[in-house]
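Trainee: I would like to learn how to read a structure like this one. Please take me through a few features.

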Amino acid sequence: MLRRATTLLTRSTIPLRARPFSTDVAETAPADSTFSDAWKKVVPHIDPPRTPLTFMKPRPVTPSSIPTKLTVNFVLPYASELSAKEVDMVIIPASTGHMGVLPGHVATIAELKPGVMSVHEGADVTKYFVSSGFAFIHANSIADIIAVEAVPLDRVDASLVQKGLAEFTQKLNSASTDLEKAEAQIGVDVHSALNSALTG
């Protein structure tokens with residue numbers, strides 16, 4: 001048995017082809033020629049419809065060295081809070097915990113939970129309370145943060161937060177259906193996170 005184990009350990013391993021990363025993909029999207037050729041065979045007198053590849057922009061070049069700044073786009077359904085803003089760091093309230101994003105961060109997608117997002121630009125720190133959303137961190141030091149609702153933390157009224165927390169806690173205790181419980185629990189979670197953001 002020992003001989004067999006040493007034989008297995010000393011065998012030459014076959015090199016496996018590594019799976020390509022997204023940064024290895026060509027910067028320009030390939031033309032969708034297969035679809036166009038098939039279309040022209042079936043309907044030669046009508047131009048082929050445009051496919052998603054037609055509308056896709058080329059992937060931005062991944063820099064060879066780590067940039068000194070992180071470019072942040074922070075958008076809401078009705079407004080753009082930050083557009084191509086160059087900052088030193090952003091800390092987001094991810095569902096797995098708070099996540100600091102610096103220039104050169106590995107490409108990541110993170111779900112946001114109710115909490116404080118802070119944008120660090122030199123000595124200045126701007127804090128926003130976000131309700132939920134997603135953060136897309138790209139390999140080229142660009143972060144796209146999409147929130148359902150957000151407000152600068154200095155515009156939040158602490159007395160209204162306390163009042164809302166008391167109301168939703170009462171609704172949660174008196175809820176009789178699953179829907180009422182779920183709605184009340186969301187209210188409690190958001191107001192608790194707001195309260196923690198203001199007191200902590």
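What follows is a dialogue on a helix, a core, a ring pair and a histidine.

Mentor: This is a predicted model, in which local features need pLDDT of at least 70, side-chain atom pairs count only at pLDDT 80 or more, and totals for chains, interfaces and linings use all residues. Residues are numbered from 1 along each chain as its sequence is written, and side-chain values use heavy atoms, with hydrogens and water left out.

Trainee: What span should helix α5 have?

Mentor: Helices (H or I, at least four residues) and strands (E, at least two) are DSSP runs, numbered from the N terminus. The expected span of a helix is 1.5 Å times one less than its number of residues. Helix α5, residues 178-199, has 22 residues and should therefore span 32 Å; its end C-alpha atoms are 31 Å apart, which agrees.

Trainee: Which residues of α5 are buried, and what do they pack against?

Mentor: Buried means under 20% relative accessible area, exposed over 50%, and partly exposed in between (1.4 Å probe, protein chains only). In α5 the buried residues include Ala184, Gly187, Val188 and His191. Contact means heavy atoms within 4.5 Å. The buried residues of α5 pack against strands β6 (115-121) and β7 (124-130) and helix α4 (158-174).

Trainee: Which residues of the largest nonpolar core touch the most other members?

Mentor: A nonpolar core is a set of buried Ala, Val, Leu, Ile, Met, Phe, Trp, Tyr and Cys residues joined through side-chain atoms within 4.5 Å. Here the largest one has 23 residues, and Val72, Phe74, Val90, Ile92, Met117 and Ile145 touch the most other members. Apart from it lies another core of eight residues, among them Ala193 and Leu194.

Trainee: How many aromatic pairs are there?

Mentor: Rings of Phe, Tyr and Trp (its six-membered ring) pair if their centres lie within 6.5 Å; planes under 30 degrees apart count as stacked, over 60 as edge-to-face and the rest as tilted. The whole structure has two such pairs. In the pair of Phe74 and Tyr128, the ring centres are 5.1 Å apart and the planes stand at 70°, so it is edge-to-face. Phe74 is in strand β1 (residues 70-75) and Tyr128 in strand β7, so the pair ties together parts 54 residues apart in sequence. Phe74 is buried, at 0% relative accessible area, and Tyr128 is buried at 7%.

Trainee: Is His120 buried or exposed?

Mentor: His120 has a relative accessible area of 18%, so it counts as buried. His120 lies in strand β6.
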